[in-house]
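My entries follow in the order in which I looked things up.

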Amino acid sequence: IHGWLLLLPAAALLAAFTHYPAVATLWHSFFSTPKGNRPARFIGLDQYQTMIEDPIFWIALKNNLVFAAATIPASIVLAIVMALWVNEKILGRGLLRLAFFTPTMLPMIAVANIWLFFYTPDYGLLDQFRSLFGLPAYNWLGSRDTALWCLIAVTVWKEAGFFMIFYLAALQQISPDLAEAAAIEGTPRWTYFRRVTFPLLMPTTLFVLINAVINAFRLVDHVVVMTRGGPDNTTSLLLFYIYEIGFKFWDLGYAAALTMVLL
């Protein structure tokens, strides 16, 4: 009983703010949206049928899958490289760690505004650099070819430093005797990393991978600030589309059905 009482506060919060909302969302997805004097009525799977016929939903889902496929491996690989670098005995290691971790501490809204300055046509940092080579201005966030990749770059920059901390902690738990033994045997550094370091990092990689997948499907702040889903829904991710349906068009029933797909 004592143990269950200790678990009760956390269990109550989890039930109230995670489990109940998930079940309630599933329930509401089977009902129409109440409007004015018209109450919600049971419509079964009509919302899901509407979703199948909704071209914007498929665009948002495809965009989100591309976004996840690009940000997840890039963030993890970059985090490992940065962790290996700052784990070495190099000059200014503390400042380098701080520089890598700083983006993680910034709110996503602030990050989006910083990168807006980078991407602004003519005046932005990227176009200022391009002008040195005589290249014309380019609307990075206004082009269908580059808008989504610009958001991907922002996300990788923001998340890699966060994942680096976990890898750095894991690297510092590896016994230095292994590196010494490999050095005595004349093992190349790449072979040591591939055969020793990376396998020992697998539990951390699994933890980071799960977080990266969750983050890839729940990021919406930078879309709202930087593109609002444009141009022509090129950067409309699934959570942003749910936000628009639920709070811009106030179709709560359809938003609930979309949320179940996201969940």
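I started with Phe240. Phe240 is buried at 1% relative accessibility. I take buried as under 20% relative accessible area, exposed as over 50% and partly exposed as in between, with a 1.4 Å probe and protein chains only. The model is predicted, so local features need pLDDT of at least 70 and side-chain atom pairs count only at pLDDT 80 or more, while totals for chains, interfaces and linings use all residues. Residues are numbered from 1 along each chain as its sequence is written, and side-chain values use heavy atoms, with hydrogens and water left out.

**Aromatic pairs**

I looked up the ring pairs next. Rings of Phe, Tyr and Trp (its six-membered ring) pair if their centres lie within 6.5 Å; planes under 30 degrees apart are stacked, over 60 edge-to-face, and the rest tilted. I found 19 aromatic pairs in the structure. One of them joins Phe162 and Phe166, with ring centres 5.1 Å apart and planes at 90°, so I noted the pair as edge-to-face. Both residues sit in helix H7 (residues 147-171), four residues apart, which is about one helical turn. Helices here are DSSP runs (H or I, at least four residues), numbered from the N terminus. Phe162 is partly exposed, at 32% relative accessible area. Phe166 is partly exposed too, at 28%.

Then I went back to Phe240. Its ring pairs with that of Tyr243 in a tilted arrangement, 6.1 Å centre to centre and 40° between the planes. Which side of the cut-offs does Tyr243 fall on, buried or partly exposed? Tyr243 is partly exposed, at 38% relative accessibility.

I also noted a cluster. Ring pairs link Trp115, Phe117, Phe118, Tyr119 and Trp157.

I checked the backbone here. Gly230 and Pro231 are joined by a cis peptide bond, with omega about -10°. Pro231 is placed in the loop between helix H11 (221-226) and helix H12 (238-248). Asp232 is in the loop between H11 and H12, and has a positive phi of about 55° although it is not a glycine. Asp232 is exposed, at 58% relative accessibility. Asn233 is found in the loop between H11 and H12. Asn233 is not a glycine either, yet has a positive phi of about 65°. Its relative accessibility is 23%, so I list Asn233 as partly exposed.

**Gln47**

My next entry is on one side chain. Gln47 lies in helix H2 (residues 46-52) and is buried, at 7% relative accessible area. What lies 3.1 Å from a polar atom of its side chain? The backbone oxygen of Phe31 does. Contact means heavy atoms within 4.5 Å. Leaving aside neighbours within four places in sequence, Gln47 is in contact with Ser29, Phe31, Ser32, Gly253, Tyr254 and Ala257.

**H1 and H13**

My last entry is a helix pair. The axes of helix H1 (residues 2-28) and helix H13 (residues 252-262) come within 8 Å and cross at roughly 125°. Axes are lines fitted to C-alpha atoms, for helices over the stretch in contact, and angles run from 0 to 180 degrees between N-to-C directions. H1 and H13 are therefore oblique to each other; angles under 35 degrees count as roughly parallel, over 145 as roughly antiparallel, 65 to 115 as roughly perpendicular and the rest as oblique. Ala22, Thr25, Leu26 and His28 in H1 meet Gly253, Ala256, Thr259 and Met260 in H13.

Note on methods
Helices (H or I, at least four residues) and strands (E, at least two) are DSSP runs, numbered from the N terminus. A polar contact is a pair of N or O atoms within 3.5 Å; within protein, one must be able to donate a hydrogen and the other to accept it, and residues adjacent in sequence count only if both atoms are side-chain atoms.
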